[in-house]
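This report describes how one protein chain is arranged, from its overall dimensions down to single residues. Please keep the sequence and the structure in view while reading.

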Amino acid sequence: MSENLEIPRANSIYKKSTEERKLSFLERIYLPEIFRGLWFTLKQMFQPKFTMQYPETRFDPPPIFRGRPVLVEDNGQERCVACGLCARACPPLAISMQASENSDDPKERYPTFFEINMLRCIYCGYCEEVCPEEAIVMSKDYDLVFSEREEAVYDKTKLLVRKEELKERLDYLREYKNRQFGSFWNFDEENNIHSVRNRDKRWETSLSLVEMIEQQRKEAK
Amino acid sequence: MFKEKGPDVTFSQPVEEADGLKTQEMIINMGPQHPSTHGVLRVELTLDGEIVTRAVPHIGYLHRCFEKHCEAMNEYPKVIPYVDRMDYVAAMNNEHGFAIAMEQLMEIELNDRVEHIRVIMAELQRIASHLLAVGTFGLDIGAFTPFLYCFSEREKILDIFEKASGARLLYNYIWIGGLMNDVPDDFKTDVSSFVKTFRPKIKELNDLLSNNKIFLVRTANVGVLPEKVAINYGISGPSLRGSGVKWDLRRDDPYSIYDRFEFDVVVGKGEVGTLGDCWDRYIVRVREMEESLKIIEQALESMPDEGDVHESIPKKIRPPAGEIYSRTETPRGELGYYVISDKSTSPYRVKARAPSFVNLSVLPAISVGAMIADMVAIIGSIDIVLGEVDR
């Protein structure tokens with residue numbers, strides 16, 4: 001415990017006013033005490049600055065930062081397969097989507113609309129956590145401004161962000177997921193859904209998920 | 001119908017003084033938009049001149065149906081982000097409390113690494129919360145400088161939290177059965193360097209504020225909360241300890257791994273005035289920060305490097321039918337969660353015993369007879385967070 005707290009300097013003045021400590025001459029002429037106080041604040045001027053000139057210099061969050069959730073755009077289309085897990089996991093029910101099928105597309109399923117109501121979103125990160133496709137991730141955007149309520153409902157045009165721009169977060173996720181599951185659950189073998197998380201290595205070959213899983217099985221054999 | 005208790009709700013009749021002037025009691029509203037009520041608290045004050053004769057706190061402006069909302073969630077983990085939003089300046093402690101309640105209900109055992117990280121996080125959060133409480137208490141009374149230094153220190157803690165959890169205020173970090181993710185590799189060095197730099201800052205704070213004569217005059221002998229009154233009202237946390245009652249759940253009903261650490265329970269001693277005045281409640285918070293530092297240091301030393309933070313997280317959280325009441329010590333006092341499970345994936349009922357709510361109930365008892373300017377000091381010293389009062 002700090003020494004200066006054991007015997008507070010003004011200890012006695014409240015119990016009996018007669019016991020009030022007599023001020024010394026220097027304290028009575030008042031100026032030295034003023035300068036002592038000013039010296040404290042003057043010292044702080046040479047300390048490293050803690051604040052940030054916000055609009056000019058912007059805060060660059062680390063990759064772990066949970067900003068606004070975005071959809072990952074991969075090769076010109078969303079990764080999302082509209083499974084609806086994020087909408088189900090969302091505590092404030094901010095996500096809504098409509099699934100549709102497209103047999104021409106190797107991915108087969110896609111959301112016809114995907115909306116996140118940013119007035120409801122609480123940035124908890126559960127959508128990202130449950131997504132089996134790494135299709136919805138938390139970005140670094142933290143200052144969202146709306147002038148109307150309708151503006152706050154983000155649709156696909158606002159949500160889609162190219163994969164390259166989210167590289168830091170995706171890399172972080174990969175490392176974090178590996179750290180999280182790799183040691184004891186071993187999803188690659190146990191769980192089909194999570195095995196597609198490793199598909200990124202071959203995603204550039206524009207194989208469909210089904211093809212990739214088949215290829216994985218072949219390789220495993 | 002609910003009938004408001006208290007002496008003399010109606011206006012008193014004008015009293016004619018000797019010199020022919022008529023005086024009358026006046027009712028004045030403090031808040032809900034008052035900067036020193038720490039949120040949207042409205043206190044209805046009946047004043048006789050400048051003396052408060054009656055103070056009635058009106059709450060509910062921030063009511064968000066937390067308890068009902070929990071029942072609407074279809075999964076237990078979804079409750080955790082809302083638990084954060086109860087006491088939003090001490091979110092880690094809230095999560096910790098809820099996680100412990102659920103783990104007791106489901107009989108989950110945690111590994112040492114998780115427990116240590118949780119304790120370090122909870123204690124860091126306690127320091128951050130006390131810094132905010134102390135800083136704004138000074139600010140309410142008119143000391144602006146210490147507030148800024150408190151905030152810069154709090155910022156360092158938030159940086160540590162941000163590195164670990166990805167959020168600065170509402171973390172969603174402590175999950176049922178584990179943690180959201182492991183701490184970064186440089187967590188230990190970060191925390192120990194913070195501990196090292198923070199100790200001298202407490203001394204600085206004492207020089208600036210605790211022993212400041214103006215501050216002493218404003219807080220000593222003001223808002224005296226006697227020991228018996230505090231116990232009768234069910235006050236907990238630093239406000240109770242400020243009245244000289246040695247009661248700390250970390251010591252008296254150890255949860256998590258607090259029984260492994262050595263620390264003192266700080267109590268007020270009435271050093272500058274009466275036991276249980278505003279200064280005592282304030283100084284308990286300042287000294288508690290040092291105790292938290294002690295716990296953090298011990299926890300850092302014994303924290304194992306190995307251990308999976310996801311080891312005990314169940315794949316599906318479906319507790320057996322039953323009920324549990326578990327209590328933890330948050331920076332504001334005893335936070336209890338009463339959870340009833342009906343064997344489904346969502347809680348049947350969640351009741352939170354919020355310390356701020358209970359602590360606020362003593363306000364009418366201790367503010368009678370105070371000057372109107374002292375109301376700010378009294379409200380600041382019991383350190384309420386309106387998010388938790390209203391839930």
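## Overall arrangement of chain B

Among the contacts in chain B between residues at least 6 apart in sequence, 70% join residues at least 24 apart. The model is predicted. Chain B contains 15 helices and ten strands. Its C-alpha trace spans about 80 × 50 × 35 Å along the principal axes. A compact globule of 391 residues would have a radius of gyration near 21 Å, and the 22 Å of chain B therefore agrees with that expectation. Of the 391 residues of chain B, 61% count as buried.

Three strands of chain B form an open sheet in the order 3-4-5, with antiparallel pairing. The edges are strand 3 (26–30) and strand 5 (51–58) of chain B, each of which pairs on one side only. From one strand to the next, the twist averages 25°. In a regular strand, side chains alternate between the two faces of the sheet.

Strand 4 of chain B covers residues 42–48 and pairs with strand 3 of chain B. Within this part of the sheet, Asn29(B) stands opposite Glu44(B) of strand 4. On strand 5 of chain B, Val52(B) is the bridge partner of Leu47(B). Strands 4 and 5 of chain B form a hairpin with two residues between the strands, and Gly49(B) in this hairpin takes a positive phi near 70°.

| Strand pair (chain B) | Sense | Bridges |
|---|---|---|
| Strand 3 and strand 4 | antiparallel | five bridges |
| Strand 4 and strand 5 | antiparallel | seven bridges |
| Strand 8 and strand 9 | antiparallel | nine bridges |
| Strand 9 and strand 10 | antiparallel | five bridges |

Is strand 9 of chain B largely enclosed or open? Seven of the nine residues of strand 9 (residues 333–341) are buried, so this strand is largely enclosed by the rest of the structure. Strand 8 of chain B (residues 322–330) is paired with strand 9, and the two form a hairpin with two residues between them. In this pairing, Gly322(B) stands opposite Ser341(B) of strand 9. Strand 9 of chain B also pairs with strand 10 of chain B, where Lys351(B) stands opposite Tyr338(B).

Ala352(B) lies in strand 10 of chain B, which covers residues 349–353. Ala352(B) counts as buried because its relative accessibility is 0%, and the cut-off for buried is under 20%. Leaving aside neighbours within four places in sequence, Ala352(B) is in contact with Phe66(B), Glu67(B), Met86(B), Gly336(B), Tyr337(B) and Arg391(B). Between Ala352(B) and Gly276(B) there are 76 residues of separation in sequence and 27 Å in space, C-alpha to C-alpha.

## A pair of packed helices

Helix 4 (residues 112–141) and helix 14 (residues 374–382) of chain B pack with their axes 9 Å apart, at an angle of about 180°. Helix 4 of chain B is therefore roughly antiparallel to helix 14 of chain B, since angles over 145 degrees count as roughly antiparallel. Helix 4 of chain B contributes Phe137(B), Asp140(B) and Ile141(B) to the contact, while helix 14 of chain B contributes Val376(B), Ala377(B), Gly380(B) and Ser381(B). By class, the contact of these two helices of chain B has four nonpolar, two polar and one charged residues.

Conventions: Residues numbered from 1 in each chain as written. Chains lettered and ligands numbered in written order. Heavy atoms only, no water. Axes fitted to C-alpha atoms, helices over the stretch in contact; angles between N-to-C directions. Helix = DSSP H or I, 4+ residues; strand = E, 2+ residues; numbered from the N terminus. Parallel < 35°, antiparallel > 145°, perpendicular 65-115°, else oblique. Contact = heavy atoms within 4.5 Å. Nonpolar A, V, L, I, M, F, W, Y, C, P; charged D, E, K, R; others polar. Pairing = 2+ DSSP bridges. Rg over C-alpha atoms; globule rule 2.2 N^0.38 Å. Buried < 20%, exposed > 50% of the residue type's maximum accessible area, 1.4 Å probe, protein only.
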